[in-house]
Amino acid sequence: MSKLCIIGSSSIVTQHLKAAKAVGFSLYGITSLNINSKNTLKLKKKFRIKKIYKNWKRCIEENGKIKDMNFLIAPRIQDTIKVINKVLIYKKPIMVEKPISRNIKDFSESILKSKKIFVGYNRIFYKTVNYLKKNLSPSSLISVNCPEKDKKKFIDNSCHIISILIYCFGNLRILKKYKRKNHIICILENKKKTLIHLKIVFNAPSNFSITSSSMKRTIDLCPIEELTEHKKLKMIRKINYNFYKPSLTKKIRDYDINFKPGFYNQYREFKKFSKRNNKIINDIVFARNVLRLTKKLVD
């Protein structure tokens, strides 16, 4: 049976463990780099994890020698790289919480060469995102709205929007960038010359959204968990005027009362990856590319 060793005890770990347990992982050991963590014991009891460790290095050393062991790495961002380096010694499959680091230089050659790292960009497993990806046209114009608190939060949190864009469109280059005090506007382009208009607005009361507009259809993800598609306009007659309203042709809502969106499908794929070591999109190179573009957008 596939086993899981957990390193980290933040609130997001709860979401990971719900999904991991649901797809059949046996929760074997847990530790935290915070020696005063109270959540570690709470998680052990809640999910009936077999063992708890006060020393995270000892935890890795002991669990790294166990057959069919996998690792979930989800500590503070500043601790993630050193934990990865320690786990890589044992050549075990790793699920690691994004964004891994805030510094491109942390992606060493040994880390980038690893084929054992599965990065938890859960939003690329959304039904809405995958419908968008399958129904894109090279001639589509893409508009992205990204409200965020500040530049630091953009790197830590809005990397999920950049992961969706790279997943759907491939690597992107910045054609134009306009910076103001409260917002940044960028024009991006992929190899197929698809244009992406990205608007980053700090402290705006709005949802993250992605809109794909083409001659045949408009697809809206707003918020990202909800998709609507329109292929034509419907005329609505009023007494003194007429107006046209988009006619809804498809609607997808990616919510699950049991799991954080994308997590169940993410763990299904991670379990396959842990058994077969198959090629994945969300590998460590993908994570490096997401961080590189994220930083360029706000620098």
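A polar contact is a pair of N or O atoms within 3.5 Å, where within protein one must be able to donate a hydrogen and the other to accept it, and residues adjacent in sequence count only if both atoms are side-chain atoms. The views show a predicted model, in which local features need pLDDT of at least 70 and side-chain atom pairs count only at pLDDT 80 or more, whereas totals for chains, interfaces and linings use all residues. Residues are numbered from 1 along each chain as its sequence is written, and side-chain values use heavy atoms, with hydrogens and water left out.

View 1. Strands (E, at least two residues) and helices (H or I, at least four) are DSSP runs, numbered from the N terminus. The side chains of T211 and D220 are joined by a polar contact of 2.5 Å. Leaving aside residues up to four places away in sequence, T211 touches L141, I142, S143, T218, I219 and D220, contact meaning heavy atoms within 4.5 Å. T211 counts as buried because its relative accessibility is 18% (buried is under 20% relative accessible area, exposed over 50%, partly exposed in between, with a 1.4 Å probe and protein chains only).

**View 2. Positive phi at D68 and N203.** D68, in the loop between α3 (56–63) and β4 (69–73), has phi near 60° and counts as partly exposed at 34% relative accessibility. N203, in the loop between β10 (195–202) and β11, likewise has phi near 60°, but counts as exposed at 61%.

**View 3. The cis peptide bond from K98 to P99.** Omega is near 0° for this bond, and P99 lies in the loop between β5 (94–97) and α5 (109–113).
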